[in-house]
Amino acid sequence: MRVLVTGGGGFLGAFVIKRLLARGADVRVLDTNADRALARSIAGEAVDGIGWIVGDVSDRTMVDGAVRGCTHIAHIAGVLTPVCRADPIRGAEINLMGTLYVFDAALRHGIQRVVYTSSAGVYSKSHGAYPDPATHYGAFKLAGEGSARAFWEDHGISSTGIRPLVIYGPGREGGPSAGISLACRAAAQNTPYVIPFAGRSGFVYVDEVAEVVEMGLDAEPGSRVYPMKGDVTTVEQIIEAIRKYKPDAQLSCHGDAIWLTTEFDDDLLYRENPDHKRVLIDEGLKKTLDFYATRP
């Protein structure tokens, strides 16, 4: 198995790389960042031996060259809501056209399986009965899901899409919803931190998402999408959970709740994959705290 991981320089990509290396896969990365430090901190020094292409998924030629010789693709690269809001055209070039370029390259090179990250941003703030995005980010992600289904119907390219809510864990230090991971880092390093949002949401531990990516590489033929809302709780309860491990943690929260709904069904993942278990917030926080306790 030779897997191209787009966005391998990010924290989710690092956990995917770790899982792929552990199973003996040949890994190649396409990322805009040449720095392997984050991936190395998660997956170990074996990261230094993998192929690492510096390039952008919005460059069709670059994507085609990166895919050449691979057997599977884990497409994780993308930009988050603020970038898509500030520059919708650029957001579409990366999040939508980049996804199309990945599937087009898979078709050109005979690759039969793509796993990709969508988002719970395809839902609205008021309901999860069906996808109803109110952001450019969510609209691009939903369009990518539709195109993935079309590549299955038209060309037989199997795909697994993942719609996580707020992903947290070691290395999640950027983006508007990184506050849970940053709170763990602050608690582990005995520094104060104010989480810039409050209220209730669903929090998904990063390695649970990486596990679903790995599972998707081995899935039966077809085109499927798995919503993942993680452990639904409040930020205030998360702070108290961190204090179970770090009683002196200087943490608080302030701001609006993350606006996405948690009222959507994510049972499909667990019904179809009974061996896959939801990572509850206490377990994920403990792993995140342990990671940052070993970092300067």
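1. The protein chain contains eleven helices and twelve strands, helices (H or I, at least four residues) and strands (E, at least two) being DSSP runs numbered from the N terminus. The radius of gyration, taken over C-alpha atoms, is 18 Å, close to the 19 Å given by the globule rule for 296 residues, so the chain is as compact as a globular protein of that length. That rule is 2.2 Å times the number of residues to the power 0.38.

2. This is a predicted model, in which local features need pLDDT of at least 70 and side-chain atom pairs count only at pLDDT 80 or more, while totals for chains, interfaces and linings use all residues. Residues are numbered from 1 along each chain as its sequence is written, and side-chain values use heavy atoms, with hydrogens and water left out.

3. Of the 296 residues in the protein chain, 55% are buried, that is, under 20% relative accessible area (1.4 Å probe, protein chains only). Among contacts (heavy atoms within 4.5 Å) with a separation of 6 or more, 76% join residues 24 or more positions apart.

4. Helix H9 (residues 235–245) has Val235, Ile238, Ile239, Ala241 and Ile242 buried. Seen down the axis of H9, these buried residues fall within an arc of 160°, so they line one face of the helix; the arc is that of the directions from the helix axis to the C-beta atoms.

5. The cover over the buried residues of H9 includes helices H7 (179–188) and H11 (281–293). Strands S8 (193–195), S9 (200–205), S11 (231–234) and S12 (251–253) are also included in that cover.

Conventions. Buried < 20%, exposed > 50% of the residue type's maximum accessible area, 1.4 Å probe, protein only.
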